[in-house]
Amino acid sequence: MSEQEQKINIPASLAALAKVMQQKFADYDPGDPEGSDRRLVMDAKVTEAQLVELYSNAFNVPVLDEEELGLPEQPPDFPLDFFNANDCLVYEWDEGKVTFLVTSPYKLGNLEYLVSHSWKSELSVRFVRRPFLERLLSKLQSCGEEEQEDNNAAEDENTLRSMAGEARIVRLVNDIFTRSLELGASDIHIEPGEEAVSVRCRVDGVLTEIFSCPLNQFPAIASRIKLLGGLNIAESRLPQDGRTNVTLGRMSLDMRISTIPILTGESIVLRLLNKESVTFDLRQLGMSNEHLAQFEKLIQIPHGIILVVGPTGSGKTTTLYSVINQLNDYRKKIITIEDPVEYRTPGLCQVQVNSKVGVTFAAGLRSIVRQDPDIILVGEIRDRETADIAINAALTGHLVLSTLHTNDAVGAVTRLLDMGVENFLVSSALFGVLSQRLVRKICPVCHGAKTIDGEKCKKCNGTGYKGRSGIFELLFMNDELRSAVNRNASSSELEAIAVKHGMVTLQQDGEAKVKAGITTQEELNRSTAEL
C-alpha cells in the first residue's frame with residue numbers, strides 16, 4: 001500500500017459502486033449486487049477484467065498486474081476454507097497491515113472483521129479477475145501435499161473414488177475447465193504420455209497445449225471426470241461415453257465425455273457445449289449479405305430437403321440450429337433426431353438416437369413422420385433407408401433439414417445418388433445445399449502480428465487469430481440442374497451449371513474474406529486444402 005492510500009470506507013465505496021452500476025447497466029439489481037455482477041459476466045455484457053476495473057475505481061485501490069505475480073507466500077496455519085468461502089487470498093502481510101487479493105468487494109466486511117479482531121491489523125486489498133484467483137487457490141491447495149499413489153490400489157474403485165474426491169484434484173479439474181472457457185475452447189483433450197499428462201484445448205479449430213502435470217496424477221484426474229459423467233471409474237479397457245453439467249461459479253456448462261484406451265492409459269476428450277458462448281443467429285455465421293438473403297429465402301420453403309454439408313468440425317450443427325432458431329415459433333411443430341442431442345432447446349421435440357434399443361436415424365425418422373411435424377431436423381443422412389424416408393417426408397409436405405459429409409455442394413447430389421436414391425426423387429425433393437468451412441479470423445487487437453510491443457498478444461494468446469467465420473457455397477436447385485440430375489450428369493457439369501446461375505464457390509467466398517481482411521490466405525488454404 002502506498003503512503004497516499006487511505007483506509008477503505010467499505011459502505012461508502014459500495015454505495016458509489018452501486019450508483020455506477022445502475023447508471024451503466026439497466027438490468028442491474030441493487031438488491032442482489034453480487035448476483036447481478038455475475039449475471040452481467042455470464043451474459044457477456046462485461047468481461048471479468050472490466051468488472052474488476054469498475055471495482056477498482058469505486059474503491060480507489062489498484063488492480064493487481066497478474067503477469068508479475070507468482071504464488072504468494074501464505075501466513076502459517078491460515079484456513080484455506082476461509083479463502084474459498086470469501087473468494088480471497090492473502091497477498092502481503094506485516095505487523096500492521098494485511099493485503100488481500102479479492103475478486104469482488106461484497107465480502108470485504110468479513111475480511112475487515114478478521115483482520116481487525118484476529119490480527120489487530122489494517123485491511124488493504126487488490127482486485128484480481130475471478131479465474132486468476134481460482135488458479136492461485138488451486139496451486140496453493142496442491143503446494144506441500146505429498147504425491148501418493150499405489151499402482152495396485154489404483155485399480156480398486158474405492159481408492160479411485162477417494163482420489164477423485166481430493167480437494168486438489170477437484171480444483172485441478174475445475175481449473176482445466178476454467179482455462180478452457182477463458183480461451184473459448186470447443187474441446188479438451190487429456191492424454192497421458194510416457195512421462196507426463198498433456199492437456200490440450202481446441203481453440204478456433206486448432207489444438208494448443210495449456211497444461212501438463214505429473215503422470216501419477218492421471219488416475220485421479222480420469223476418475224474425477226468419469227464420476228462427473230456417470231461413467232464406470234474402474235473401467236479403463238473399454239471406450240465409454242457420457243454427458244454431464246458442471247457449474248463453475250455461476251456458469252453452467254454442458255459437456256460430452258468420451259474415453260478410449262490407448263497404449264499409455266486412456267485418451268479423454270470433452271466437448272464443451274456452452275450455450276452462453278454460442279449464438280444461433282444466421283447473421284453471426286459470417287455469410288455475405290448476398291448469401292444471407294438467398295439462404296433466408298431458401299429456408300422459408302414449406303416443404304423439401306435443405307442440406308448443410310462439410311467435413312467434421314465445419315460448423316454444420318451451428319448452422320442448422322441457427323435455422324431452427326429462426327423458424328422456431330409456437331405455430332410450427334419441430335422435431336429433431338440427433339446423435340447426440342448437443343443443444344437442448346425450448347420449443348423443440350428432440351429425439352436422441354439410441355441404437356441399443358433400436359432408435360436409429362431411420363427408425364426414429366419413420367416414427368417422427370407420424371407425429372404431424374412441420375419441420376424435421378435429421379442430424380445426418382448416413383444410409384439409403386434414412387435418405388428414402390427423409391425424401392418421402394419432404395415430398396409429402398414437410399421441410400427436412402439435414403447434413404452430409406461431402407466436400408462441396410454438388411457433392412451432396414452425387415452422394416445421395418451413390419446411396420441408391422433414384423435420380424427423379426433427388427431432383428424433386430432437394431431444394432438447396434449449403435456447403436461450408438470455418439476459417440480463423442485475424443485477431444482484432446494485434447491484427448495477426450501475434451505480439452504487441454514485443455509481448456505475446458493476450459487477446460489471441462499469440463496465435464494471430466481470434467474467433468472463426470464461415471465460408472460458404474450455396475447451391476439453389478433450378479430446372480436446368482434438376483434436368484441434369486435426372487440424366488445423371490457428372491459433378492463437374494452440375495457445378496458448371498450452378499456457377500452459370502450465380503453460385504459463388506467456397507474458394508471464391510474465402511478469397512473475398514481474405515481481400516476484406518477477415519482472414520489470411522494461409523488460413524484459407526488450410527481450410528480448403530481438400531478442394
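Asp408 caps the N-terminal end of helix α14 (residues 409-418), where one of its side-chain oxygens lies 2.9 Å from the backbone nitrogen of Gly411. A polar contact of this kind is a pair of N or O atoms within 3.5 Å, in which, within protein, one atom must be able to donate a hydrogen and the other to accept it, and residues adjacent in sequence count only if both atoms are side-chain atoms. The model is predicted, so local features need pLDDT of at least 70 and side-chain atom pairs count only at pLDDT 80 or more, while totals for chains, interfaces and linings use all residues. Residues are numbered from 1 along each chain as its sequence is written, and side-chain values use heavy atoms, with hydrogens and water left out.

**Two helices**

Helices (H or I, at least four residues) and strands (E, at least two) are DSSP runs, numbered from the N terminus. Buried means under 20% relative accessible area, exposed means over 50%, and partly exposed lies in between (1.4 Å probe, protein chains only). Seven of the ten residues of α14 are buried, so this helix is largely enclosed by the rest of the structure; among them are Val410, Val413 and Leu417. After α14 comes Gly420, which has a positive phi near 105°.

In helix α18 (residues 506-515), the buried residues are Leu506, Asp509, Gly510 and Lys513. They cover an arc of only 100° around the axis, which puts them on the same side of α18; the arc is that of the directions from the helix axis to the C-beta atoms. An α-helix has 3.6 residues a turn, so residues three or four places apart point the same way. The elements that cover the buried residues of α18 include α10 and β15, where contact means heavy atoms within 4.5 Å.

**Aromatic rings**

Rings of Phe, Tyr and Trp (its six-membered ring) pair if their centres lie within 6.5 Å, and planes under 30 degrees apart count as stacked, over 60 as edge-to-face and the rest as tilted. By this rule the count comes to six aromatic pairs. One of them joins Phe59 and Phe127 edge-to-face, with 5.9 Å centre to centre and 70° between the planes. This pair links distant parts of the chain, with Phe59 in helix α3 and Phe127 in strand β3, 68 residues apart.

**Buried residues and cysteines**

| Residue | Relative accessibility |
|---|---|
| Phe59 | 5%, buried |
| Phe127 | 0%, buried |
| Cys88 | 0%, buried |
| Cys213 | 6%, buried |

The structure holds zero disulfides, a disulfide being a pair of cysteine sulfur atoms within 2.5 Å. The sulfur of Cys213 is 13 Å from the closest cysteine sulfur, in Cys201, which is too far for a bond.
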